[in-house]
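Here is a friendly walk through one protein model, helix by helix. Please keep the sequence and the 3D view open beside the text as you read.

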Amino acid sequence: MSSNLKRALPAVLVVGLLVAGGIIALGRLMEDGESGPSPERLALGRQVYGEQCAACHGAELEGQPNWRQRGADGLLPGPPHDATGHTWHHPDEQLFFITKYGTAALAGADYKTAMIGFGEVLGDEEIGAVLDFIKSRWPPDIRRRQADITARARKGN
């Protein structure tokens, strides 16, 4: 085994464990099937969203004004998470990853963003509950479209 591979192996194992944990948590996002998440899970999601997300994404998921235009600081304002935004255009795994690790972890370290990762603040269950809460506020047709996006992403299409 090369010395580079030996040095990289611990990092690869850690990333693998993090991904596996995320996949398990994502499985719980949909564990209730067609009936949807339990009222308790949605209540947890609403509470955590109010405490951790609403300041940037709005109490009613409406986002900040002019969310598509970078501010003087070069950062985009918090986008809406309701049906008017783009959140529902992303598969579950991507939403979970962005919430846990931050947008720059997905888009690249050079990407200017105010969206930090919440993995040090929230557990996987809390992140999953927040995403379930957000999705519960979308109209049925948007939920179906986002579920199709997730299904296609899982199939690799």
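Helices here are DSSP runs of H or I with at least four residues, strands are runs of E with at least two, and both are numbered from the N terminus. This is a predicted model, in which local features need pLDDT of at least 70 and side-chain atom pairs count only at pLDDT 80 or more, while totals for chains, interfaces and linings use all residues. Residues are numbered from 1 along each chain as its sequence is written, and side-chain values use heavy atoms, with hydrogens and water left out.

**The overall picture**

The protein has 7 helices and 0 strands, so the order of its elements from the N terminus reads α-α-α-α-α-α-α. Of its 157 residues, 33% count as buried. Buried means under 20% relative accessible area, exposed means over 50%, and partly exposed lies in between, with a 1.4 Å probe and protein chains only. A contact means heavy atoms within 4.5 Å. Among contacts between residues at least 6 apart in sequence, 55% join residues at least 24 apart.

How are α2 and α6 placed against each other? Helix α2 (residues 39-52) and helix α6 (residues 124-136) pack at about 95 degrees, and their axes are 7 Å apart. Axes are lines fitted to C-alpha atoms, for helices over the stretch in contact, and angles run from 0 to 180 degrees between N-to-C directions. Under 35 degrees counts as roughly parallel, over 145 as roughly antiparallel, 65 to 115 as roughly perpendicular and the rest as oblique. The pair α2 and α6 is therefore roughly perpendicular.

On the α2 side, the contact is made by R41, L42, L44, G45, R46, V48 and Y49. On the α6 side, it is made by E125, E126, G128, A129, V130, D132, F133, I134 and S136. By class, this contact has 8 nonpolar, 3 polar and 5 charged residues. Ala, Val, Leu, Ile, Met, Phe, Trp, Tyr, Cys and Pro count as nonpolar, Asp, Glu, Lys and Arg as charged, and the others, Gly among them, as polar.

Which residues of α2 are buried? They are R41, G45, V48 and Y49. Seen down the axis of α2, these buried residues fall within an arc of 105 degrees, so they line one face of the helix. The arc is that of the directions from the helix axis to the C-beta atoms. An α-helix has 3.6 residues a turn, so residues three or four places apart point the same way. On the other side of α2, P39, E40, R46 and E51 are exposed.

Helix α6 is mostly covered, with 10 of its 13 residues buried. Among them are I127, L131 and F133, together with the charged D124, D132 and K135.

**Helices α4 and α7**

Helix α4 (residues 92-101) and helix α7 (residues 140-155) pack at about 90 degrees, with axes 8 Å apart, and are therefore roughly perpendicular. Here D92, E93 and L95 in α4 meet Q146, T150 and R154 in α7. This contact divides into 1 nonpolar, 2 polar and 3 charged residues.

The buried residues of α4 are D92, L95, F96, I98, T99 and K100. After α4 comes G102, with a positive phi near 95 degrees. L106 sits in helix α5 (residues 103-107) and is partly exposed, at a relative accessible area of 42%. Beyond residues up to four places away in sequence, L106 touches Q94, F97 and I98.

**The loop between α3 and α4**

T87 is found in this loop and is buried, with a relative accessible area of 5%. Leaving aside neighbours within four places in sequence, T87 is in contact with P80, H81, L95 and W138.

Most residues other than glycine have a negative phi. L61, in the loop between α3 and α4, has a positive phi of about 70 degrees although it is not a glycine. N66, also in the loop between α3 and α4, has a positive phi of about 55 degrees and is not a glycine either. Are these two residues buried or exposed? L61 counts as buried at 0% relative accessibility, whereas N66 counts as exposed at 54%.
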